[in-house]
Amino acid sequence: MTRSKLLKYVFLGVTAVLMAHYLARPKEEPQKHPRDYAEIAAEGVIYAATEYNSIAFHVDGDTLSGVHYELIKAFARDHGLRVVVFPEMSFDKRLEGLANGKYDVIAYGIPATSELKDSLLLTTPIALSRQVLVQRNLRNAPDSSRFIKSQLDLAEKTLHVVKGSPSILRIRNLGNEIGDTIYVKEIEKYGSEQLIALVAHGDIDYAVCDESIARALADSLPQIDINTAISFTQFYSWAVSKQSPVLLDSLNAWLKRKPLPSTPSTTSRSLHRSASANRRAD
C-alpha cells in the first residue's frame with residue numbers, strides 16, 4: 001500500500017470515529033428562556049408553578065381545586081389558553097424555574113418585599129397576610145419553658161421553613177431586632193402544611209408559615225398555637241420574570257376586573273396523614 005493511500009485511510013478512519021462520537025452524544029435540550037405574552041399566546045399554553053396545599057392547589061377526590069389554581073385557570077380560559085400547573089414545594093425551585101423559562105408565572109402568594117421586587121415582576125396584590133410562628137400550645141408542649149410568648153423568646157431557637165422561603169430574611173432581621181441569634185433550618189421536601197403537621201405531632205418544635213395556611217389547619221390540629229407574628233401584615237402577589245412585562249400587564253388588567261375568591265377555611269386531612277407518615281424533617 002502506498003504512503004498516500006495509507007494516509008487517506010487513516011484520515012477516513014479518524015473522520016469516521018469522530019462522526020460516530022458526535023452522533024452518539026446525547027442531544028442537549030434546547031435552552032429555554034423566560035417567555036412574554038406573545039410567545040405564550042403563540043403556543044396556547046401558560047405554565048404555572050404553585051405550592052401543593054389546601055389553599056393554593058390540591059386534589060379533592062377526582063377534582064383539582066385551590067384558590068390560586070382556580071384563578072390561573074380562569075385567566076387562561078379568558079385568554080384562550082391552556083394552563084399546565086406544576087406543584088413545587090421549594091420556593092427556590094419556583095424562582096429557578098421562572099428564571100430558566102420552565103414556568104411563566106408563579107401562581108402563589110409571594111410577599112411584596114423590596115428584595116423580591118428587585119429580581120421579579122410582582123402582580124397587583126391578591127391577598128393580605130403575614131408570617132406566623134407555629135408551635136404546640138401550652139397544653140401540648142412537652143416543656144412550658146419552650147413555649148414562645150413573644151418574639152424575644154425566639155433567641156437561640158431553631159425555626160423550620162420551606163427552602164428559600166421569603167420569611168428567612170424577615171427572621172434574620174428579627175434576630176437583629178431582638179439582639180440575638182435565631183437559627184433557621186430550610187426544608188426542601190415539605191411545604192408549609194407538612195411543616196405544620198410535623199410541629200403538631202412533636203417532630204419539630206417550631207415552623208414559620210403564612211397565616212392563612214396556618215388558620216386553615218388550626219381547626220383540625222387543635223394542638224398548635226399560631227398567635228405569635230413573625231412579620232407585619234403585607235401584600236401578597238403572583239410573580240413573573242423581569243423579561244415578561246406584557247404578561248404582567250395582562251395579569252394585572254385581568255386581576256383588577258375579577259373579584260378574588262375567598263380563602264377556604266377547610267383543609268385536606270390527607271396531607272396531615274402523609275406528613276405524619278414521614279415524621280422527620282431531614
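## Nonpolar cores

A nonpolar core here is a set of buried Ala, Val, Leu, Ile, Met, Phe, Trp, Tyr and Cys residues joined through side-chain atoms within 4.5 Å, where buried means under 20% relative accessible area (exposed is over 50%, partly exposed in between; 1.4 Å probe, protein chains only). This is a predicted model, so to speak: local features need pLDDT of at least 70, side-chain atom pairs count only at pLDDT 80 or more, and totals for chains, interfaces and linings use all residues. Residues are numbered from 1 along each chain as its sequence is written, and side-chain values use heavy atoms, with hydrogens and water left out.

The largest core has 57 residues, and Ile 46, Ile 72, Val 134 and Ile 196 touch the most other members.

## Aromatic pairs

You'll find 5 aromatic pairs in the structure. Rings of Phe, Tyr and Trp (its six-membered ring) pair if their centres lie within 6.5 Å; planes under 30 degrees apart count as stacked, over 60 as edge-to-face and the rest as tilted. Phe 57 and Tyr 69 make a tilted pair, 5.3 Å centre to centre with 45 degrees between the planes, and both are buried.

Phe 75 and Trp 254 sit with ring centres 5.7 Å apart and planes at 85 degrees, so they're edge-to-face.
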